[in-house]
Number of protein chains: 2
Amino acid sequence: MRMSVFPTEEFQMRMTRTKKKMAAMGIDILIVTDPANMNYLTGYDAWSFYVHQLVIVMLDEDQPYWVGRAMDANAARHTSWLDEDHIYPYADHYVQSALRHPMDFVSDLLKDKKKDKKIIAVELDAYYFTAKCYIKLVQSLPNATIRDGTNLVNWIRIVKSDREIGYIRKAAKISEKAMQVAFDTLNEGVRECDVVAGISYAQISGTEEYGGDYPSIVPLLPTGKKTSACHLTWTDETFKQGEPVIIELAGCYKRYHSPLARTAVVGMPSEEMQNLGEVVVEGVNAALDVVKPGVTCEEVEMVWRKTIEKHGIKKESRIGYSMGLNYPPDWGEHTASFRSGDQTILEPNMTFHMIPTMDLGHVGMEISESFRVTENGCEVFADFPRDLYVKPNIRLA
Amino acid sequence: MRMSVFPTEEFQMRMTRTKKKMAAMGIDILIVTDPANMNYLTGYDAWSFYVHQLVIVMLDEDQPYWVGRAMDANAARHTSWLDEDHIYPYADHYVQSALRHPMDFVSDLLKDKKKDKKIIAVELDAYYFTAKCYIKLVQSLPNATIRDGTNLVNWIRIVKSDREIGYIRKAAKISEKAMQVAFDTLNEGVRECDVVAGISYAQISGTEEYGGDYPSIVPLLPTGKKTSACHLTWTDETFKQGEPVIIELAGCYKRYHSPLARTAVVGMPSEEMQNLGEVVVEGVNAALDVVKPGVTCEEVEMVWRKTIEKHGIKKESRIGYSMGLNYPPDWGEHTASFRSGDQTILEPNMTFHMIPTMDLGHVGMEISESFRVTENGCEVFADFPRDLYVKPNIRLA
């Protein structure tokens with residue numbers, strides 16, 4: 001009944017790389033709470049990250065340990081490559097209780113395994129590793145040395161295997177379909193929620209050959225002046241003529257994402273929006289052109305920056321980030337970003353979402369691409385017109 | 001351009017209650033990172049909780065402070081009731097950086113406001129308040145006293161206003177529609193992902209009168225033996241004859257949820273499933289019958305327990321929890337649970353999801369209801385048949 005997304009050998013290779021990095025950093029035990037890192041090392045896949053759960057990697061063991069709520073142990077059995085000896089469910093009275101904390105269970109497990117005097121790294125700044133988890137661990141393992149292992153696994157995830165790239169390509173096909181649905185359905189008088197409903201249908205239904213998974217971020221759809229607030233979702237208001245709308249979405253396949261953002265205008269765009277659209281596309285094109293192994297992330301951003309500054313436009317925030325496997329609330333990997341100061345050197349099969357979010361205060365714009373670094377350049381995942389989209393207004397026709 | 005979900009008076013009342021509780025606990029400053037608590041106190045609503053953001057409540061100020069990424073300040077302006085003086089954006093170089101942490105910005109803000117020697121409470125076990133946030137705060141505010149404020153606001157949220165109840169009723173209408181779509185579309189040979197796509201369409205499109213918001217949890221749809229792993233999502237496999245499927249979903253309106261779970265079988269259910277369905281419904285009916293103000297949560301669970309034990313069935317995990325306003329990854333409020341030892345006394349306008357998740361090892365079942373406590377009983381939100389659903393198999397007809 002295993003639902004194997006990757007062969008066991010791929011998980012073993014990930015474990016080998018993780019343990020190699022742990023050894024180099026002098027870490028005996030790594031406690032992983034980021035759901036994407038848990039999935040990466042074990043295959044575990046369920047919507048259970050709303051309770052405390054984690055994976056423990058020990059330098060001297062081939063398999064990691066899964067620790068989670070008893071109710072979710074069967075999900076570990078169905079989705080992970082771990083044997084029964086490496087699945088450690090905790091009782092339900094630990095769940096959201098003021099009396100007990102799951103990290104007490106973890107401490108007891110480490111004591112049982114005689115690992116409580118070791119050098120233990122935790123993901124200090126990862127989602128779902130709360131301050132309380134840390135405090136409990138420090139209190140109950142007084143003889144351990146607690147270190148920071150934030151992003152240790154994320155930096156291994158940054159270079160994808162060919163199988164992972166295959167999954168992202170499948171996700172990209174879904175992102176094309178979903179964006180096309182958005183363009184086909186948005187129109188003056190149509191409710192935002194009805195367009196997003198169609199996007200979501202396309203994201204989950206996927207293609208005839210394969211279904212879609214849930215993206216780590218819901219479709220973002222700010223309209224009009226709200227395009228200057230890029231992380232707004234949607235309302236049940238209707239589209240107005242001449243107003244811009246940002247559509248940011250991702251296709252997702254087996255937790256692998258291919259994000260895509262476009263901006264559309266129903267009816268005639270303002271001259272300002274038209275000009276901005278041309279500058280953004282020129283900037284993205286220039287930045288993508290410079291991508292290849294050996295180039296640094298900040299060099300890519302610099303090319304973008306110089307291109308738009310020729311047109312008198314400035315932008316402070318980063319223009320992209322590493323992405324791939326993930327869970328809510330983010331499809332970004334929290335490693336490399338395209339921004340000044342980021343000297344990450346591009347390597348083949350690194351995958352990024354290049355998304356220069358423009359904010360003019362009263363209006364905003366997004367035109368993005370997801371891509372992988374190839375041997376000598378880049379492969380853009382989605383095949384979708386890279387433009388400001390002008391929706392013919394049928395009421396005016 | 002404010003998108004006001006509640007009148008300012010309602011936010012002020014929430015602030016008054018929060019500050020009263022802070023005063024009673026000897027807390028000067030409360031730092032709120034749970035996105036639902038942030039929304040509750042300010043109205044702030046955007047998919048930006050993947051970066052560090054928070055709300056600061058000071059005993060001596062009427063309005064809280066919003067702190068977030070510069071890119072999201074416009075979202076605060078659009079969605080919150082705060083004036084410009086209470087919106088504090090941090091620069092983009094704090095985002096997912098190894099060099100800087102947003103909590104440094106927060107410490108500087110508290111020093112500027114001469115609040116760095118106060119008693120400051122943080123939500124130690126809330127989503128998105130990472131260990132790193134805590135460590136940074138403790139390091140940079142050596143003269144402050146840091147206390148635990150976990151669930152302080154959640155316990156205020158547990159009793160809803162009539163306006164909040166109105167939103168949950170609207171969410172319940174959406175949950176009925178979405179569940180009906182699931183029942184209408186699932187059939188032998190149909191892909192799970194296509195059924196979930198229809199569910200998601202219904203959740204977001206909502207009704208003709210109002211649109212739906214994104215639920216904090218995606219539809220859960222374990223099938224066959226995987227029904228014993230209740231937090232699995234879906235695949236692109238097709239439904240098989242005689243196999244059970246659990247459908248857990250919620251309608252959501254302006255971040256307020258009304259969850260609903262049902263179990264269906266395509267074709268003939270096994271005798272075991274039929275019997276289990278009858279027992280679960282009898283147990284839920286009995287537990288709902290005993291709900292009224294003055295009863296404790298553990299008394300409700302005890303009625304359930306005694307009812308199913310008459311049929312020789314036992315269950316260890318809790319059978320429900322307080323719910324309402326929320327963001328991913330959970331619609332539960334992390335306060336009261338229906339379980340042994342929970343002595344929370346029911347009050348009018350508390351709202352719960354009663355969901356006894358059954359797991360027989362080889363198969364599982366969920367039949368749930370969301371409800372509010374009324375003056376003398378309970379109001380079940382969704383009007384949907386409370387039964388194991390048997391889907392007539394058209395191929396057999």
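Contact here means heavy atoms within 4.5 Å. The model is predicted.

Ser370(B) belongs to strand 14 of chain B, which spans residues 369-373. With a relative accessible area of 1%, Ser370(B) is buried, because buried means under 20% relative accessible area.

Which residues are in contact with Ser370(B), leaving aside its neighbours within four places in sequence? They are Ser258(B), Pro259(B), Met323(B), Phe352(B), His353(B), Glu379(B), Val380(B), Phe381(B) and Ala382(B). For Pro259(B), a polar approach is also found: the backbone oxygen of Pro259(B) lies 2.6 Å from a polar atom of the Ser370(B) side chain.

## Annotated domains of chain A

An unreviewed entry lists "domain: Creatinase N-terminal" at residues 14-159 of chain A. In the model, this span is 37% helix and 18% strand, and its end C-alpha atoms lie 11 Å apart.

The feature "domain: Peptidase M24", also taken from an unreviewed UniProt entry, is listed for residues 168-375 of chain A. That span is 31% helix and 21% strand, with 18 Å between its end C-alpha atoms.

## Salt bridges within the chains

Side chains of opposite charge can pair when their charged atoms come close. Over all chains, the structure holds 38 salt bridges. One of these 38 salt bridges joins Lys173(A) to Glu176(A), with the closest N and O atoms 3.9 Å apart. Both Lys173(A) and Glu176(A) lie in helix 7 of chain A (residues 162-185), three residues apart, or about one turn of the helix. An α-helix has 3.6 residues a turn, so residues three or four places apart point the same way. Lys173(A) counts as partly exposed at 44% relative accessibility, whereas Glu176(A) counts as buried at 14%.

In chain B, Arg14(B) forms a salt bridge with Glu164(B), the closest N and O atoms being 3.6 Å apart. Arg14(B) is in helix 1 (residues 8-24) of chain B and Glu164(B) in helix 7 (residues 162-185) of chain B, so this pair ties together parts that are 150 residues apart in sequence. Both partners count as buried: Arg14(B) has 1% relative accessibility and Glu164(B) has 2%.

A further salt bridge in chain B brings together the side chains of Lys310(B) and Glu282(B), at 3.9 Å from N to O. The pair links distant parts of the chain, 28 residues apart: Lys310(B) lies in the loop between helix 10 (297-309) and strand 9 (320-323) of chain B, and Glu282(B) lies in helix 9 (residues 271-290) of chain B. Lys310(B) is exposed, its relative accessible area being 63%, while Glu282(B) is partly exposed at 31%. In chain A, salt bridges that share partners join Glu10(A), Arg14(A), Arg163(A) and Glu164(A) into one network.

## The interface of chain A and chain B

How many residues of each chain take part in contacts between chain A and chain B? In chain A, 76 residues are in contact with 76 residues of chain B. The area buried between chain A and chain B is about 6,400 Å², and carbon and sulfur atoms give 59% of that area.

Two salt bridges are counted between chain A and chain B. The side chains of Lys132(A) and Asp148(B) meet in a salt bridge of 3.7 Å, N to O. Across the interface there are 51 residue pairs in polar contact. On the side of chain A that touches chain B, helix 3 (73-79), helix 5 (131-140) and helix 8 (192-205) of chain A each supply at least two residues. Helix 8 of chain A gives the largest share of that side, nine residues. By residue class, the side of chain A that touches chain B has 32 nonpolar, 25 polar and 19 charged residues.

## Helix 5 of chain A

Helix 5 of chain A has buried residues, namely Ala131(A), Cys133(A), Tyr134(A), Ile135(A), Leu137(A) and Ser140(A). What covers these buried residues? The cover includes strand 1 (29-32), helix 4 (102-112), strand 5 (119-122) and strand 6 (145-148) of chain A. Helix 5 (131-140) of chain B is also included in this cover.

Conventions: Residues are numbered from 1 along each chain as its sequence is written. Chains are lettered from A and ligands numbered from 1 in the order in which they are written. This is a predicted model: local features need pLDDT of at least 70, side-chain atom pairs count only at pLDDT 80 or more; totals for chains, interfaces and linings use all residues. Side-chain values use heavy atoms; hydrogens and water are left out. A salt bridge is a side-chain nitrogen of Lys or Arg within 4 Å of a carboxyl oxygen of Asp or Glu. Helices (H or I, at least four residues) and strands (E, at least two) are DSSP runs, numbered from the N terminus. Buried means under 20% relative accessible area, exposed over 50%, partly exposed in between (1.4 Å probe, protein chains only). UniProt positions are given in the numbering used here, feature names are shortened, and annotations may be inferred rather than shown by experiment. Buried area is the accessible area (1.4 Å probe) that two parts lose on being put together, summed over both. A polar contact is a pair of N or O atoms within 3.5 Å; within protein, one must be able to donate a hydrogen and the other to accept it, and residues adjacent in sequence count only if both atoms are side-chain atoms. Ala, Val, Leu, Ile, Met, Phe, Trp, Tyr, Cys and Pro count as nonpolar, Asp, Glu, Lys and Arg as charged, and the others, Gly among them, as polar.
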